[in-house]
Amino acid sequence: MTDLSNKVVVIMGASSGIGAATARRLAKDGAKLVISARRLERLEEIAKEFPKGQVLPVKADVTNFKEVKAAVETAVKEFGRIDVIYNNAGIMPLANLSEGRRDEWQNMLNINVMGPLNGIAAALPIMKKQGYGHIITTDSVAGHVVAPGMAVYAGTKYAIRIIMDGLRMEEAANHIKTTIITPGSTQSELVQKINDPETRKENADFWKNVEGLTADQIAQSVEFAINTDHNESISEIIVRPTLQSL
Ligand SMILES: NC(=O)c1ccc[n+]([C@@H]2O[C@H](COP(=O)([O-])OP(=O)(O)OC[C@H]3O[C@@H](n4cnc5c(N)ncnc54)[C@H](OP(=O)(O)O)[C@@H]3O)[C@@H](O)[C@H]2O)c1
């Protein structure tokens, strides 16, 4: 069994899918957690599965810097430090550009790009003061390749991948680790939240046809990246279903 009892981890976007699976896996292996998202009742359900005080739910919208900062500060206040922040929150309302869904574009930019940046802004000063820390962000295979219908989502994931690599370079000398978690098709609520019914069905069929990974299969990679020696930093992990060629 992996022993994470010496780790304090903040997970943004922990109420479903990959974030929830990661919370459960890390908590089962002893980590102390602050779990955050907008749906507080989902976070509370996860917290109840573990000993009182081990998993602390904090409601936050990642587009709101004050709320993200409050989640990070909860970890420091209750557990004395922060070893890891996992910026996992994201949305994927796919559609062709010709549909002009500007509100969806703006939401993707705010949540998928500004969300992780808010996590970095909240955690980095504390980690630099501590002299160590680990910043993990969920990217996507769409951060490496684009396809029709995916232009804006892929754009946000390309952006955050490059931002994370810049962070790696800037903070390497300060003992701050960075990891980009890059999943392929994974079972979660992401596809169900695509607004256009036809695109939603196409993508749900694709996820099914490639035998989409379970969220816990991605959580396993997050745990692998966290459970490393102080001199070892895993920069990126790409995990696709075997059947996914994209
Ligand atoms: N599933 C896949 O195939 C796949 C593939 C590649 C990458 N990804 C990436 O994996 C990450 C997790 O997605 P998932 O697949 O696990 O989907 P999911 O089940 O829909 O989970 C998304 C999480 O993000 C949170 N979130 C969304 N908007 C938020 C906001 N404004 N503030 C705070 N939290 C917010 C949601 O919580 P609330 O709604 O409660 O706030 C939820 O906890 C995303 O970054 C996604 O882009 C997924």
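How are H1 and H7 oriented to each other: oblique or parallel? The points below take that up, then the other helix pairs and the ligand. The model is predicted.

1. **H1 against H7.** Helix H1 covers residues 17-28 and helix H7 covers residues 215-226. Their axes come within 8 Å and cross at roughly 55°. H1 and H7 are therefore oblique to each other. The crossing of these two helices is right-handed.

2. **Residues between H1 and H7.** H1 contributes Gly17, Ile18, Ala20, Ala21, Thr22, Arg25 and Leu26. Across from them, H7 contributes Ala215, Asp216, Ile218, Ala219, Val222 and Glu223. By class, this contact of H1 with H7 has 8 nonpolar, 2 polar and 3 charged residues.

3. **The ligand shell.** The ligand is surrounded by 29 residues. The closest are Gly13, Gly17, Arg38, Gly90 and Ser188. Gly17 also belongs to the H1 side of the contact with H7. H1 gives the largest share of the shell, 3 residues. By class, the shell holds 11 nonpolar, 13 polar and 5 charged residues.

4. **H4 against H5.** Helix H4 runs over residues 102-130, and helix H5 over residues 151-171. The two axes come within 9 Å and cross at roughly 15°. That angle makes H4 roughly parallel to H5. Their crossing is right-handed.

5. **Residues between H4 and H5.** On H4, the contact is made by Trp105, Met108, Leu109, Asn112, Val113, Pro116, Leu117 and Ile120. On H5, Val152, Tyr153, Thr156, Lys157, Ala159, Ile160, Ile163 and Leu167 take part. The contact of H4 with H5 counts 13 nonpolar, 2 polar and 1 charged residues.

6. **H3 against H4.** H4 also packs with helix H3, residues 65-79. The axes of H3 and H4 come within 8 Å and cross at roughly 35°. This crossing is right-handed. From H3, Phe65, Val68, Lys69, Val72 and Val76 meet Asn118, Gly119, Ala121, Ala122, Ala123 and Ile126 of H4. By class, the contact of H3 with H4 has 8 nonpolar, 2 polar and 1 charged residues.

7. **H6 and what follows.** Helix H6 spans residues 197-209, 13 residues in total. From its first C-alpha to its last, H6 reaches 18 Å. That is close to the 18 Å expected at 1.5 Å a residue. Glu211 follows H6, and the phi of Glu211 is positive, near 55°.

Notes:
Residues are numbered from 1 along each chain as its sequence is written. This is a predicted model: local features need pLDDT of at least 70, side-chain atom pairs count only at pLDDT 80 or more; totals for chains, interfaces and linings use all residues. Axes are lines fitted to C-alpha atoms, for helices over the stretch in contact, and angles run from 0 to 180 degrees between N-to-C directions. Helices (H or I, at least four residues) and strands (E, at least two) are DSSP runs, numbered from the N terminus. Angles under 35 degrees count as roughly parallel, over 145 as roughly antiparallel, 65 to 115 as roughly perpendicular and the rest as oblique. A crossing is left-handed if the near helix is turned anticlockwise from the far one by less than a right angle, and right-handed if clockwise. Two residues are in contact if their C-beta atoms, placed from the backbone, lie within 7 Å. Ala, Val, Leu, Ile, Met, Phe, Trp, Tyr, Cys and Pro count as nonpolar, Asp, Glu, Lys and Arg as charged, and the others, Gly among them, as polar. A residue is near a molecule or strand if its C-beta atom, placed from the backbone, lies within 6 Å of it. The expected span of a helix is 1.5 Å times one less than its number of residues.
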